[in-house]
Every structure is written in structure tokens, then in C-alpha cells.
Amino acid sequence: MNDFNIEEFISEGQVEGKISFITSIDGASHNDIEKDITTETLIPILPLRGVMLFPDTMIPINIGRESSLKLLKDAQKGNLPIAVFSQQDDMVDEPDYNAIYHTGVIAKVQKIINLPDGSKTALIQGYHRVRLIDMEHNGSFNVGRVENFPEEMPSKKDKEFIAVVDACRETAMKLMRQSELGIGSAFALNNMTERALVINFICANINVTNSERIVLLEENHLFDRAYRLLGILQREHQYMTLKMNIQMRTREELDRQQKEFFLRQEMENIQEELGEGSSDDIKNFHQKARTKKWSEDTQKAFEECMTKLSHLSSHSPDYQVEYNYAKTFLDLPWGEYTKDNLNLANAEKVLDKDHYGMEKVKERIIEHLAVLKMRGDFKSPIICLYGPPGVGKTSLGKSIAKAMKRKYVRMSLGGLHDEAEIRGHRKTYVGAMCGQILKNIIKAGSSNPVFILDEIDKVGQDSMHGDPASALLEVLDPEQNSAFHDNFLDTDYDLSKVMFIATANNISTIPAPLLDRMELIEVSGYLTEEKIEIAKRHLIPQEMENLGMKGKRVKFSDKAIEKVIESYTRESGVRNLDKKINKVLRKVTLNYAKTSSLPKGDIKPDDIKEYLGNEPYSRDTYQGNDYFGVVTGLAWTSVGGEILFIETSIDNGKGGKLGLTGNLGNVMKESATIALQYMKEHCDLLGVDAEYFDNHNIHIHVPEGATPKDGPSAGITIATSIASAITRRKVREKIAMTGEITLRGKVLPVGGIKEKILAAKRAGITDILICHENRKDIEEIPERYVKGVTFHYVENVKDVLDFALL
């Protein structure tokens with residue numbers, strides 16, 4: 001039996017009488033395992049040296065014996081329980097029944113880890129106590145019979161037990177913090193809530209001998225174990241405190257810092273005799289200072305720094321602080337500005353070349369340049385571009401800098417939680433430095449760069465480190481930033497000529513005072529037609545150059561690009577579209593590298609599947625008007641417009657209940673309630689009496705139940721669906737609608753009009769019902785986007801029903 005295996009041992013019937021192994025503990029609870037452990041159960045026995053496992057705890061063990069490794073591997077493979085007992089004498093290599101303690105714990109092997117030095121470690125999880133009845137060696141490892149040894153648990157409301165556990169935890173935490181190796185255990189202990197686990201965890205991790213641990217393990221009542229443990233902890237804490245006091249008393253009177261101080265004093269004296277020192281640094285600083293264009297106050301602050309620096313030894317800790325301060329002072333571009341390019345036609349050309357669309361943003365930049373051209377000097381605007389990810393907010397900053405011929409710097413504010421990152425640290429702190437604002441000004445080399453504050457809506461807040469958003473108030477206030485005060489610089493710096501452009505995805509998370517200081521410009525998601533133009537003008541040429549295919553004839557048809565947009569991406573921006581185009585062109589490049597051949601003609605929609613695989617997304621299409629109660633609505637999502645279908649069914653039943661399904665949000669549920677209430681009040685429009693609603697149940701469903709849906713814009717769609725189901729009148733063909741309703745039946749305007757219109761056109765809709773107040777939004781949309789769709793403006797629900805129902 002040299003190659004003993006637990007599963008083979010079972011299958012071959014090498015078990016006498018009724019003794020048998022537990023075949024698996026996968027997913028078993030404490031109670032299940034405890035029931036399976038009987039005096040008839042033969043179970044592998046694992047002896048431990050130097051450690052002891054307690055119930056409900058997990059410990060790592062070093063595997064030194066081949067028999068133990070064999071046992072652990074078999075137990076892990078078969079997901080079998082083992083019984084773990086500690087040795088009385090750690091020097092015994094092959095312990096027998098009398099060489100181990102007879103109280104142990106049922107355990108499970110969680111993992112076996114191979115260490116870099118070739119040794120192995122196992123993680124074992126304890127369950128409950130058992131007593132060892134007998135033990136024998138089967139040729140590979142020890143097996144034996146055990147009996148359950150249950151513990152008595154105190155009441156969870158026992159105040160004395162709670163107090164003892166808290167005292168144990170507090171004392172153990174002190175001990176663990178005093179030990180360099182106990183920091184992780186202290187963290188784990190601090191997060192435990194189960195008091196029994198706290199006691200057993202401390203028992204398993206306290207630095208005492210197994211002879212003391214076994215006394216704790218054999219305590220039948222958990223309260224007695226906790227009380228005895230508290231005594232041991234207090235004894236160990238007193239010993240540790242005494243040991244630390246002795247070390248403090250015997251420490252050398254002259255520590256390292258004092259020793260260095262005397263050595264540096266001697267070194268300074270030697271350097272003075274040799275004529276060496278820090279005069280070269282000061283001389284270089286003065287030479288650089290002569291070229292700076294700063295005010296008298298700034299000059300005075302610099303001279304004070306130079307005076308202090310001249311009185312310090314170059315090896316003094318304070319010297320390095322003052323040196324860094326003077327270097328920062330001189331690195332800043334005081335009064336240095338790049339000359340703006342005020343050619344408005346050129347600026348428009350650059351902006352149009354780099355970005356398609358974004359007329360409002362471009363218009364604002366051109367206006368600023370026009371004012372600069374007429375006045376010659378003007379404070380830069382503080383602009384906040386907000387919109388969905390991937391629409392080009394950050395890259396627009398580069399184009400603005402390019403158009404104005406200014407330097408460009410960018411600072412990411414996402415996750416920033418320390419005010420010092422904005423205003424810097426005071427010089428008194430070790431390692432102090434200026435904030436990121438001035439660091440980026442130094443990086444730009446001018447005092448009027450285009451400065452991108454990226455992800456300003458994701459600025460964090462930490463009570464320990466101040467509020468960065470509040471620190472930004474001074475930076476982004478045109479009335480204050482002309483005298484920006486950095487804690488490290490400790491003097492004012494003019495930021496009024498810097499063009500700050502903040503970007504955000506969600507302005508609702510930006511504090512109101514900060515939002516008030518910025519000029520908000522929305523950068524909405526792109527329409528499909530716009531994405532096609534962006535792909536043709538920017539994305540495809542860019543990827544061709546990136547892949548080394550510049551100059552090669554590879555052309556996408558408009559339909560192919562539309563196929564990628566509609567079926568392989570779902571976003572407001574073009575970031576994923578860029579990735580998909582890159583993937584197509586990579587495959588084209590691979591084929592060209594192998595065969596020197598390019599696709600014949602344009603890449604067409606049918607070719608896209610070959611390059612990108614199956615379509616992960618598909619747009620909804622109009623499903624006809626063959627059923628009563630089914631109406632097509634229009635919805636806005638973060639990835640563009642979509643059509644949705646409202647379905648209503650009616651059945652006979654007392655009570656007139658309203659059922660709503662389809663993963664609807666609270667606002668959409670309220671719209672359904674309002675629509676039904678309006679129909680009840682105006683039942684004469686439907687040709688039914690008021691009692692109809694008492695004798696019929698109405699169920700409203702919006703398909704695709706896994707997708708959450710909310711918002712008020714489905715109000716008239718729901719009302720039309722209810723009316724169609726009640727009157728048994730079908731809805732006009734190829735019609736969709738959007739609009740909120742009130743209890744009086746008035747139709748209110750909604751947003752996302754551009755995206756909704758494009759969704760309707762994709763679905764084959766020819767007529768759209770919309771609130772008359774949305775007419776102004778329709779008029780702002782270019783003619784090519786609304787061509788082929790007829791708009792019907794309505795004021796109330798009656799207008800909707802008169803037109804929509806046949």
C-alpha cells in the first residue's frame with residue numbers, strides 16, 4: 001500500500017465492519033459534517049507541529065512530511081474532511097496515538113501552495129471539535145476514528161461574555177500591533193463580528209506553547225475559554241510592555257540623527273577651511289532671477305529665500321527645502337506668455353479639421369479669439385464641456401491649443417481626494433512641493449496655456465485631506481485666480497490668462513459653487529450620420545497611419561461603417577467605433593503582409609461579419625400594427641435613441657386592477673397610473689361607461705424585461721395603448737410618439753429629440769407624434785436628419801387619440 005489513495009481505499013472495500021470514509025464535504029454546513037462524523041467513521045489524521053487549529057479558523061501549515069503531503073493532496077482531490085491534532089512533542093517525526101493531543105478539529109483542505117524555495121504550504125479550514133478514539137497507520141498516513149466533542153455556547157445577549165470578548169480583542173490588538181508580524185492579523189481581528197470566531201482566532205494566533213493552547217481548546221464552554229484566554233493575553237501584554245521598557249532604557253544616548261548632526265558640523269567646518277560651500281548654487285539662482293519678469297513683492301520673497309539659503313549649510317535638512325523652493329520659484333514662467341494666433345479663419349479651419357460637429361464649442365472659442373483681437377487683452381473663459389464618454393471632450397482641448405498656438409497641459413482630477421494636490425504643501429513639511437496646478441504651468445513653460453481639467457465630476461473628498469473641489473473654487477474664479485495662492489510658493493501667482501477647460505460626464509455630481517463658476521457647454525452624443533463622417537474623416541485615416549498602411553487603398557462604404565455603428569457598437573461617442581475600425585484594418589493589414597493583396601473595391605456591409613464576427617447588438621425595427629393595444633414609443637438612452645413597444649391587454653375581473661411589468665422605474669409607473677386615471681375620467685372618449693374599469697383588469701407590459709426602463713416620455717404612448725386595447729381600434733401604421741402627460745391630459749415636452757428621430761428613421765417610422773412645444777427643437781435639427789419623417793404636434797391626449805387610432 002505504498003501508493004495509498006483514499007478513494008481507492010474506499011472502493012476496494014478495505015474498511016472493516018461499518019467503518020467508512022465521508023465521501024465529500026463540498027458545500028456541506030457545520031451541522032452536515034458533524035452528523036457525518038460518528039464513531040464508525042474512519043478519517044485521515046493529520047498531526048501538526050508547533051501550531052494548533054481551532055474551530056472556524058483557517059491557518060497555513062508548512063508541509064514537511066511526505067505522509068502529510070500525500071494525505072493533504074488526496075483530501076483536496078476528493079474534497080474530504082480530515083481530523084487535525086497537534087503533537088505533544090514537535091521533535092517526533094512519526095507520532096503515534098500517545099504522542100499527540102487527543103482533542104482536535106475536523107478540517108477541510110482549502111489550497112496547497114508551492115513556494116519558490118521548493119517547499120509547500122497548505123491552507124486548512126477548521127469546523128468543529130472532535131476527540132480521538134484510536135489511530136493506526138495505513139501505509140501512507142495515519143487514519144483513525146473520532147467522536148464529536150461539541151462546545152457549549154453562551155447567550156448572544158450575555159453582557160459578561162460580551163465584555164470578556166471585547167477585552168480579549170482589545171488586548172490582542174495591542175499585542176499584534178507591537179509585533180511586526182501581527183499587523184495583518186490585527187486588521188483581520190478588527191473586522192470580525194462573530195464573538196466565537198474572535199475567541200478562536202486569537203487562540204490560534206497568540207504566541208504561546210501548544211501545552212497552553214490545548215487547555216484552551218479543551219474548555220467545553222466558550223465563556224470559560226474566553227475568560228482563560230483573557231488571563232493569558234494580559235500576562236503576555238505585561239511581558240511585552242516590560243520588554244519594550246527595558247529596550248528603551250538600554251538604547252544608546254546618542255541616536256543616529258544626533259550622530260549625523262555632529263558629523264555634519266565637522267564636515268561644514270572642513271568645507272569652510274577648504275573654501276567650499278553652497279555659494280555656487282546661490283550665484284546660479286541670482287543669475288536666473290535677473291531674467292524673470294516679476295513684481296516687487298515676488299522679488300522680495302525671492303531675496304528672503306536667498307538670504308536664508310546663504311546662512312544654511314548645504315548639508316542641513318532645511319537647506320534642501322529652501323533649495324527646492326528657490327528652484328520652483330525660478331522654474332515658474334513669471335509673466336511669460338505665448339503669442340495667440342488671432343486669425344479667426346485659421347482657427348475655424350483647425351477646429352473643423354480635427355473635430356466634426358461641436359458647433360457650440362467652436363463658436364465659443366472663436367468668440368473669445370474675436371474679443372482678444374479687438375481688445376488685445378481679456379481674461380480667459382472658464383469652460384466646462386459635459387457629455388457622455390468618447391465624444392471628444394478631452395481631445396478638443398488639444399485642438400483649441402493648436403488653433404490658438406498655445407501650450408497644452410492636462411490634469412486628471414478623477415479620484416483626486418487631497419487638497420494639497422491643488423494648492424501644494426507648506427514648506428514646513430518634509431518632502432513638500434507645489435500643487436499640480438503650478439507643476440503643470442512649469443511643464444507648459446508659459447503662463448497662458450490651454451489647461452484641461454479632466455473628469456472634474458469625479459473629484460473625491462476626504463475629511464483627513466480637505467476638499468479638492470473647494471480648492472478649485474479659487475482656480476476657476478476669474479475674479480480670484482489672478483492672485484492664486486499656492487501653499488508651497490507662499491506668494492500669489494497670476495492664472496487669469498490660463499484658458500481652463502474642464503470636462504465632465506455628469507454635472508449633477510459637481511458642487512453648485514464650482515458649477516456656478518464655469519460656462520457649461522453640452523457636448524451631446526453623435527448621430528449615426530455624424531459618426532459615419534467622423535469615421536471617414538478622422539478614425540479610418542488615423543488607424544491606417546497607426547498600422548503602417550498610410551497611402552494604401554482601403555476604403556469603407558458608408559453602409560459598411562453604418563453596419564459597424566449599428567450592430568457592433570452601442571455608445572454615444574466614437575471610442576468603441578475606433579476600436580472596431582482598428583480591428584477590421586488589423587485583419588486587412590495581416591492579409592496584406594501575407595499575400596500583398598488588398599480588398600477588391602470598397603469594404604461592404606456583408607464583409608463586416610468576416611472581420612468582426614457575429615453582431616453583438618441589433619437595433620429594433622417597426623413590428624407593424626396588427627394587434628390592438630400595441631403602440632410604438634421613442635426613448636433616449638446613453639447610447640442614443642431607441643424605439644420601444646407598449647403592450648396592453650384587458651381581461652374580465654372585479655376590482656379593476658392595474659398590472660405593470662417590464663422592469664419599469666418609478667417615474668414610468670407613475671406615467672401609467674396617470675394615463676389610466678385620465679382614461680377613467682374621460683371614458684366617454686372611449687365609448688365605455690365608468691363601470692367598465694371596475695369590471696376589467698388592465699395589464700401594461702414593456703418588452704425586454706431584463707432592461708431597466710424609466711422616464712416620463714412614454715406617457716402618451718401608454719395612454720394610446722390603453723385606449724387601443726379598450727376600443728379594439730388598431731394604431732395607425734408606421735407611427736411613433738413621445739411625450740409626457742398630466743392628469744388633465746395635457747402633453748408636455750421631452751428631451752433627446754435628435755436621438756429619438758434618428759431611432760425612428762432607422763426603424764422605418766414615417767410619422768411622429770410630439771408635443772407642440774418641441775417644435776423649436778425640431779427646427780434646430782439639420783434638414784438631412786429629419787427628411788422622410790412627418791411631425792404631428794399635439795397639445796393634449798385627445799389630439800393624440802384622434803390621429804393615432806384608426
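## The enclosed cavities

The largest cavity holds about 50 Å³ of space. The model examined here is a predicted one, and in it the count comes to three cavities of 30 Å³ or more.

The lining of the largest cavity consists of Tyr622, Gly624, Asn625, Val630, Val631, Thr632, Val731, Arg732 and Ile735. Strand S14 (630-637) gives the most to this lining, with three residues. By class, the lining of the largest cavity has five nonpolar, three polar and one charged residues.

## The largest pocket

The volume of the largest pocket is about 1,100 Å³. This pocket is lined by 43 residues, and the closest to its centre are Glu522, Ser524, Gly525, Lys754 and Glu755. The lining divides into 17 nonpolar, 13 polar and 13 charged residues.

Several elements give two or more residues to the lining of the largest pocket, among them helix H14 (359-375), strand S13 (519-522), helix H20 (528-546), strand S14 and strand S15 (640-652). Helix H26 (753-763), helix H27 (775-780) and helix H28 (783-786) also belong to this group. The largest share, five residues, comes from H26.

## The second largest pocket

About 890 Å³ of space lies in the second largest pocket. Of the 31 residues that line the second largest pocket, Asp354, His355, Gly392, Ser395 and Leu539 lie nearest its centre. The classes in this lining are nine nonpolar, eleven polar and eleven charged residues.

At least two residues of the lining come from each of helix H13 (344-354), helix H15 (393-404), strand S12 (499-504), H20 and helix H22 (575-595). H20 supplies the largest share of the lining of the second largest pocket, eight residues. Helix H20 also gives two or more residues to the lining of the largest pocket.

How many of the five residues of strand S7 (residues 382-386) are buried? Five of the five are buried, so the strand is largely enclosed by the rest of the structure. In a regular strand the side chains alternate between the two faces of the sheet. In S7, Ile382, Cys384 and Tyr386 point one way, while Ile383 and Leu385 point the other way.

Strand S7 runs parallel to S12, and five bridges join the two. In this pairing, cysteine 384 stands opposite alanine 502 of S12. Strand S7 also runs parallel to S13, to which four bridges join it. Here isoleucine 383 has glutamate 519 of S13 as its bridge partner.

Strand S16 (residues 658-661) and strand S17 (residues 696-701) run parallel and are joined by four bridges. Glycine 659 stands opposite histidine 699 in S17. Between the two strands the chain passes through helix H24 (residues 666-681), and this β-α-β crossover is left-handed.

The structure holds 13 aromatic pairs. One of them joins tryptophan 294 and phenylalanine 329 in an edge-to-face arrangement, with 5.6 Å centre to centre and 70° between the planes. Tryptophan 294 lies in the loop between helix H10 (279-289) and helix H11 (296-310), and phenylalanine 329 in helix H12 (residues 317-331), so the pair ties together parts that are 35 residues apart in sequence.

Both tryptophan 294 and phenylalanine 329 are buried. These two residues belong to one aromatic cluster, which also includes Phe302, Tyr325, Trp334, Phe488 and Tyr493.

## Positive phi values

Most residues other than glycine have a negative phi. Serine 596, although not a glycine, has a positive phi of about 60°. Serine 596 is found in the loop between H22 and helix H23 (605-612). Is serine 596 buried or exposed? Its relative accessibility is 59%, and the cut-off for exposed is over 50%, so serine 596 counts as exposed.

Lysine 734 likewise is not a glycine and has a positive phi, of about 55°. The loop between helix H25 (715-727) and strand S18 (735-737) contains lysine 734. With a relative accessibility of 35%, lysine 734 counts as partly exposed.

Methods: Residues are numbered from 1 along each chain as its sequence is written. This is a predicted model: local features need pLDDT of at least 70, side-chain atom pairs count only at pLDDT 80 or more; totals for chains, interfaces and linings use all residues. Side-chain values use heavy atoms; hydrogens and water are left out. Two strands pair if DSSP finds at least two bridges between them. A crossover is right-handed if, with the strands pointing away from the viewer, the path from the first strand over the helix to the second runs clockwise. On a 1 Å grid over the protein atoms alone, a cavity is a set of points where a 1.4 Å probe fits but cannot get out, and a pocket is an open set with protein on both sides within 12 Å along at least five of seven lines; lining residues have an atom within 4 Å of a point. Grid points are joined across faces, edges and corners, and a volume is the space filled by probe spheres set on the points. Ala, Val, Leu, Ile, Met, Phe, Trp, Tyr, Cys and Pro count as nonpolar, Asp, Glu, Lys and Arg as charged, and the others, Gly among them, as polar. Rings of Phe, Tyr and Trp (its six-membered ring) pair if their centres lie within 6.5 Å; planes under 30 degrees apart count as stacked, over 60 as edge-to-face and the rest as tilted. Buried means under 20% relative accessible area, exposed over 50%, partly exposed in between (1.4 Å probe, protein chains only).
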